[in-house]
Amino acid sequence: MRNRSLPSLSCGHADADPRSLCAHMPRVVTPVGNASYYKGFTGKGYDYWLLCSNCAKLPVEVWSNPALVCAQCFKALEKDCDDYHYLGHRGNPEALVAPRQKSLESRLLRYSQLNAHIIADIQPIYRSDNPHDRWLALTAQGRLVRIAEGSNFVEASASLGGPVDYALPLLMRLSENERFLAVANTYGVTGCVIDLENNKVCLELKRDDYHIEQNIYPLAFFEHDGRQLLVHGTEWNRLDISDPLTGKCLTAREHPIKDADSKERPPHALDYFHGILDVAPGNKFILGNGWVWHPVGIPTVWSLTDWVSRNVWESEDGPSRHQLFVQEYSWPTPACWVNERTVALLGDDELPGIAVSFYDAATGERSRWFTGAGYGELFFDQHLFISGSEGLTAWNPETGERVLDAPTFRPTRYRRDTKEFLQILPDNILKIGRLKE
């Protein structure tokens with residue numbers, strides 16, 4: 001059978017799988033460039049057209065008579081229409097559902113003594129003298145409760161103390177070796193680090209109060225050269241690294257001071273409100289989930305290794321610092337690390353509806369995305385999990401297909417060793433769920 005020749009397209013090339021433009025878009029990259037355009041999603045997979053402003057006003061059903069160009073020219077035209085001339089999207093991609101769906105198995109754990117406590121925060125624990133310990137809860141009374149599997153008895157520790165107001169909302173972070181516990185008022189100015197091995201406060205923390213009601217207290221442990229170190233907020237636009245064992249600040253640097261008569265920003269002066277932090281597996285990168293005026297949320301990544309060992313200004317303007325995208329009036333962006341250098345974030349400035357974007361922390365470039373995911377907290381373990389008001393869903397990160405939909409289960413924590421999710425029900429009943437094999 002004789003091969004049929006490929007059709008010649010509007011760009012003058014040939015392609016077995018051409019892409020569509022409305023008839024008013026340029027067919028080739030122009031010397032001037034920067035034509036304005038919309039992405040028009042057809043509802044068939046992730047296929048989209050490039051549309052002029054007038055055609056973008058029309059419903060997808062009446063798009064017709066496209067100009068066809070090869071994939072190479074299509075990409076070149078998108079690049080030519082730079083970020084300032086991308087006006088948004090019309091229509092939506094198709095939400096993909098795997099033909100075979102997974103299911104959950106769950107159980108309830110009841111601890112009568114937990115009824116006496118208000119759980120302010122809870123985290124999984126992996127190292128304990130008791131091999132049955134599973135969760136460490138922080139209570140509004142300033143006590144720790146270790147929750148073991150196979151027992152209905154729990155006992156609270158003595159009061160933790162320190163400068164934290166335990167009557168206000170709290171958050172806690174555990175070091176990787178589980179020796180140090182950082183506790184802070186979620187939207188407050190004070191925090192502390194507790195040496196759990198010696199049962200004492202070993203480091204007091206404080207940040208300034210500029211717009212703290214908008215910023216979750218920045219706290220994150222990481223390991224470097226065998227030491228457990230803490231990243232913490234010290235000012236609205238500044239983070240530091242401290243060694244909780246010695247109390248020493250490892251990122252001491254002079255404050256950039258702006259002359260009142262100068263309109264120029266001094267070197268290293270960062271116009272960025274720091275918020276919740278998340279360290280990548282392997283401890284090489286960190287995600288900062290803060291914002292800037294007007295206001296917009298801007299998830300940002302940079303190298304922890306470079307910051308602690310080479311450049312104390314890395315978190316301000318170091319070469320490894322990348323702003324991933326901008327979202328108006330939205331922060332922090334739900335996020336989780338997929339591996340040592342890839343972070344998944346829920347949303348993007350260019351993508352339609354609720355979409356999951358995957359970014360390379362080393363380059364700051366988006367590698368892939370999928371849509372239809374809903375909104376909530378993100379977890380990753382082979383699948384990407386999203387837990388929110390619509391329940392728990394799981395997604396194949398490669399194909400973008402949904403493989404689980406559990407609308408009545410809304411967990412807030414995940415244990416990576418037992419692959420179990422945790423939801424706290426009324427009366428502090430713990431609902432534990434995991435994917436069926």
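The model is predicted, so to speak of local features takes pLDDT of at least 70 and side-chain atom pairs count only at pLDDT 80 or more, while totals for chains, interfaces and linings use all residues. Residues are numbered from 1 along each chain as its sequence is written, and side-chain values use heavy atoms, with hydrogens and water left out.

**Pocket and cavity**

- The largest pocket holds about 1,700 Å³ of space; a pocket is an open set of points on a 1 Å grid over the protein atoms alone, with protein on both sides within 12 Å along at least five of seven lines, and lining residues have an atom within 4 Å of a point.
- Of its 43 lining residues, Gln-123, Arg-173, Leu-277, Asp-278 and Val-279 are the closest to the centre.
- Strand E27 (377-381) is among the elements that give two or more residues to this lining, and E27 makes the largest share, with five residues.
- By class, the pocket lining splits into 26 nonpolar, nine polar and eight charged residues.
- There is also one cavity of 30 Å³ or more; in a cavity a 1.4 Å probe fits but cannot get out.
- That largest cavity has a volume of about 50 Å³, and its lining includes Arg-207, Tyr-210, Trp-236 and His-274.

**Aromatic pairs**

- A search of the whole structure turns up 22 aromatic pairs (ring centres within 6.5 Å; planes under 30 degrees apart are stacked, over 60 edge-to-face, the rest tilted, with the six-membered ring used for Trp).
- Phe-41 and Trp-369 have ring centres 6.1 Å apart and planes at 85°, so they sit edge-to-face.
- Phe-41 is in strand E2 and Trp-369 in strand E26, so this pair ties together parts 328 residues apart in sequence.
- Phe-385 and Phe-421 are also edge-to-face, with centres 4.8 Å apart and planes at 65°.
- Phe-385 is buried at 3% relative accessible area, and Phe-421 is buried at 1% (buried is under 20%, exposed over 50%, partly exposed in between, with a 1.4 Å probe and protein chains only).
- Ring pairs also link Tyr-210, Trp-236, Phe-273, Trp-291, Trp-293 and Trp-331 into a cluster.

**Two local spots**

- Strands E13 (residues 190-195) and E14 (residues 200-206) pair antiparallel over six bridges (strands are DSSP runs of E, at least two residues, and pairing takes at least two bridges).
- In that hairpin, with four residues between the strands, Asn-199 takes a positive phi near 55°.
- Ser-320 counts as buried at 11% relative accessibility.
- Beyond its neighbours within four places in sequence, Ser-320 is in contact (heavy atoms within 4.5 Å) with residues including Trp-302 and Asp-306.

Technical notes:
Grid points are joined across faces, edges and corners, and a volume is the space filled by probe spheres set on the points. Ala, Val, Leu, Ile, Met, Phe, Trp, Tyr, Cys and Pro count as nonpolar, Asp, Glu, Lys and Arg as charged, and the others, Gly among them, as polar.
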